[in-house]
Amino acid sequence: MTEAATPGRRGDIAYDAVVLAGGAARRLGGADKPGVRVGGRALLDRVLAACAGARDTLVVAEPRPTARPVGWAREDPPGGGPLAALGAGVRALDGPAGTRPDTVVVLSADLPFLEPRTVRLLLDTLAGQDAEAALLTDGEGRDQPLVAAYRVAPLRRVLDALTREHGALTGLPLRLLTRNLRLARRTDPVDPAASFDCDTWDDIAAARSRIREHGHVLDEWISAAKDELGIDLDVDTGVLLDLARDAAHGVARPAAPLTTFLVGYAAGRAGGGPEAVAAAAAKAAALANRWAEEAAAADAEPGDAG
């Protein structure tokens, strides 16, 4: 069973999130990159799902419909580059001293394979080291400053210093930020594609192809379906798949989808949650097994019927 998200926390670490989604997407011909769909979900929504544990999430872009509620900010002038966008997002998170988390996760909006696990990895890395930022590195060892967790106070200090030095953050490269912070670096040991970003239509095509591979398609479909249905529920998919198999083999093939539907309905009536799904699935699986045992006994002794 997968871990359920706790709002505002990963482990014991509270954090905010800033997602940068306002780039010009020139390599996509100016297309609306955050709205491009991979596996039926907009790229932005996929990233928002990865940081759903944030206490507050600010998206730096023009407002648009999203799968979960977020706040909005915009750099001035728009299109000022990622450092200016980051500055706008951090400023928008300002609040009275001591009222906000001291950690912020910063993400670009074009990461189709980012998972909550990777966000948690970055938070744990930052918490466990004497560092001011924890950056994900890709398979070739390159830093990804837009897949990172930052301590808010040092981040603001550097952004303010750069603003004073250059007059504004517009057009400045991200390396000016990271070279002035103590960095910790991590690769994702589970999925090297966590840092894969979609800059071109070839990247989009590669992402769409990957999610349909055998090892990914089921998890991708379930995640997309939960987003579409507004369901925030983590369940043991193995239990449901075993139930569907038992119903199909022990009763009849159409019994599989109908039974899993009835299990979901029963779990909802029982209050929902993983435990309710597991309990309903166990009852249905036991019934399917009894049904199969009766059928097997009848087939073994046809002369005794009646």
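**View 1. Helices H8 and H9 cross with a right-handed sense in this predicted model.** The pair comprises H8, residues 237-250, and H9, residues 255-269. Their axes come within 8 Å. The crossing angle is roughly 135°. Roughly antiparallel would need an angle over 145 degrees, so H8 counts as oblique to H9.

**View 2. Residues at the H8–H9 contact.** H8 contributes Leu240, Leu243, Ala244, Ala247 and Ala248. From H9 come Ala255, Ala256, Thr259, Thr260 and Val263. By class, 8 residues of this contact are nonpolar and 2 are polar. No charged residue takes part.

**View 3. Helices H8 and H10 cross with a left-handed sense.** H10 spans residues 274-300. The axes of H8 and H10 come within 9 Å. They cross at roughly 25°. Angles under 35 degrees count as roughly parallel, so H8 is roughly parallel to H10.

**View 4. Residues at the H8–H10 contact.** On H8, the contact is made by Val239, Leu240, Leu243, Asp246, Ala247 and Gly250. On H10, the partners are Val277, Ala281, Ala284, Ala285, Ala288, Asn289, Trp291 and Ala292. The contact divides into 11 nonpolar, 2 polar and 1 charged residues. Asp246 of H8 belongs to this contact and counts as charged.

**View 5. H8 residues in both contacts.** Leu240, Leu243 and Ala247 of H8 touch H9. Leu240, Leu243 and Ala247 also take part in the contact with H10.

Technical notes
Residues are numbered from 1 along each chain as its sequence is written. This is a predicted model: local features need pLDDT of at least 70, side-chain atom pairs count only at pLDDT 80 or more; totals for chains, interfaces and linings use all residues. Side-chain values use heavy atoms; hydrogens and water are left out. Axes are lines fitted to C-alpha atoms, for helices over the stretch in contact, and angles run from 0 to 180 degrees between N-to-C directions. Helices (H or I, at least four residues) and strands (E, at least two) are DSSP runs, numbered from the N terminus. Angles under 35 degrees count as roughly parallel, over 145 as roughly antiparallel, 65 to 115 as roughly perpendicular and the rest as oblique. A crossing is left-handed if the near helix is turned anticlockwise from the far one by less than a right angle, and right-handed if clockwise. Contact means heavy atoms within 4.5 Å.
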